[in-house]
Amino acid sequence: MSQLNRIKEFRRARGLTMQQLADAAGTSKGQIDKLEKGARRLTVDWMVRLSKPLECDPRALMPARAGEQPAKSWHTAAVFPGAVVAQGGKEARQNLLQVRALAHKSRNAAQLHFSGEAVDFVPRPAFLGHAQGAYALYMTGTAMIPMFRPGQLLFVNPHKLPAAGQGVVLVMKNKAVRIHEYVGEKGALIEVRSWHPGVCKFKVQRADIAEMHCVVGLSEG
């Protein structure tokens with residue numbers, strides 16, 4: 001039977017119990033157990049999230065190949081191989097990713113929207129390649145804890161179709177922006193999930209959504 005992934009291998013090498021890894025990654029022991037056994041899909045989000053406490057390249061958590069050596073340290077170049085910050089000119093712009101700002105429409109409004117401003121620029125992750133329109137944003141609010149935590153930097157590909165379990169950024173026709181976990185689609189409805197204070201599944205009318213963007217990775221920011 002082929003190896004599902006290398007989470008257990010790296011966890012044991014670091015001398016961590018499943019509970020210790022879960023605490024460090026902001027999840028539960030049960031989720032770590034499911035991931036190690038292959039009962040939960042090891043998405044890019046999970047690889048990036050677990051790789052920091054395991055001190056490895058996220059891609060190293062995939063099944064080992066002959067002659068492959070595990071990464072030994074955590075740093076930006078290891079997390080996002082190929083990400084380059086050039087000093088100026090066209091090359092610099094191509095290798096930087098805009099961090100879009102989320103803001104409230106007014107002090108009394110609960111809805112978030114894109115402010116239209118770039119609050120920062122970060123190295124473009126290799127997994128986004130030359131994806132047009134790709135961007136990053138800082139997670140805000142507590143609705144997606146522990147999947148996403150406030151202050152985490154989410155990397156978004158607006159052209160990728162999400163799979164169940166991935167994060168999505170819904171840009172509504174009224175310009176509101178919502179971040180959820182994608183569950184699936186049924187006809188004219190898109191089912192999503194929020195996590196905090198309690199797990200809640202709900203359906204959104206496709207007709208109310210202007211755009212749906214896929215969260216393809218994250219960082220502590």
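Let us begin with one side chain: Phe-127 counts as partly exposed, because its relative accessibility is 36%, and the cut-off for buried is under 20%. Please keep in mind as we go that this is a predicted model.

The protein chain holds six helices and nine strands. Of its 221 residues, 42% are buried. If you take the contacts in the chain with a separation of 6 or more, 56% of them are between residues 24 or more positions apart.

Now to the helices. Helix 2 covers residues 18-25 and helix 3 covers residues 29-37; their axes come within 8 Å and cross at roughly 110°. Helix 2 and helix 3 are therefore roughly perpendicular to each other, since angles from 65 to 115 degrees fall in that class. On the helix 2 side, Met-18, Gln-19, Leu-21 and Ala-22 make the contact, and on the helix 3 side Lys-29, Ile-32, Asp-33 and Glu-36 meet them. Sorted by class, this contact has four nonpolar residues, three charged ones and one polar one.

Is helix 4 mostly covered or mostly uncovered? It is mostly covered, with nine of its eleven residues buried. The buried residues of helix 4 include Trp-46, Met-47, Val-48 and Leu-50, and also Asp-45 and Arg-49. Ser-51, Pro-53 and Leu-54 are buried in helix 4 as well. Just after the helix, Glu-55 takes a positive phi of about 55°.

From here, turn to the aromatic rings. How many aromatic pairs are there? The count comes to two. In one of them, the ring centres of Phe-114 and Tyr-135 are 5.7 Å apart and the planes stand at 85°, so this pair is edge-to-face. Phe-114 belongs to strand 2 (residues 112-123) and Tyr-135 to strand 3 (residues 135-138), so the pair ties together parts that are 21 residues apart in sequence. Both Phe-114 and Tyr-135 are buried.

The other pair brings us back to our starting point. Phe-127 lies in the loop between strand 2 and strand 3, while Phe-155 lies in strand 4 (residues 153-157), so the pair ties together parts that are 28 residues apart in sequence.

The charged end of Arg-100 sits over the ring of Phe-114, 3.8 Å from the ring centre. That charged end also sits over the ring of Tyr-135, at 4.9 Å from its centre.

Finally, have a look at Ala-131, which is found in the loop between strand 2 and strand 3, where Phe-127 also lies. Ala-131 is buried, as its relative accessible area is 17%. Which residues does Ala-131 touch, leaving aside those up to four places away in sequence? They are Arg-124 and Asn-157. Ala-131 and Pro-158 are 27 residues apart in sequence, and their C-alpha atoms are 8.5 Å apart in space.

Terms used. Residues numbered from 1 in each chain as written. Predicted model: local features only at pLDDT ≥ 70, side-chain atom pairs only at ≥ 80, totals over all residues. Heavy atoms only, no water. Axes fitted to C-alpha atoms, helices over the stretch in contact; angles between N-to-C directions. Helix = DSSP H or I, 4+ residues; strand = E, 2+ residues; numbered from the N terminus. Parallel < 35°, antiparallel > 145°, perpendicular 65-115°, else oblique. Contact = heavy atoms within 4.5 Å. Nonpolar A, V, L, I, M, F, W, Y, C, P; charged D, E, K, R; others polar. Phe/Tyr/Trp six-rings, centres within 6.5 Å; stacked < 30°, edge-to-face > 60°. Buried < 20%, exposed > 50% of the residue type's maximum accessible area, 1.4 Å probe, protein only. Lys NZ or Arg CZ within 6 Å of the ring centre and 35° of its normal.
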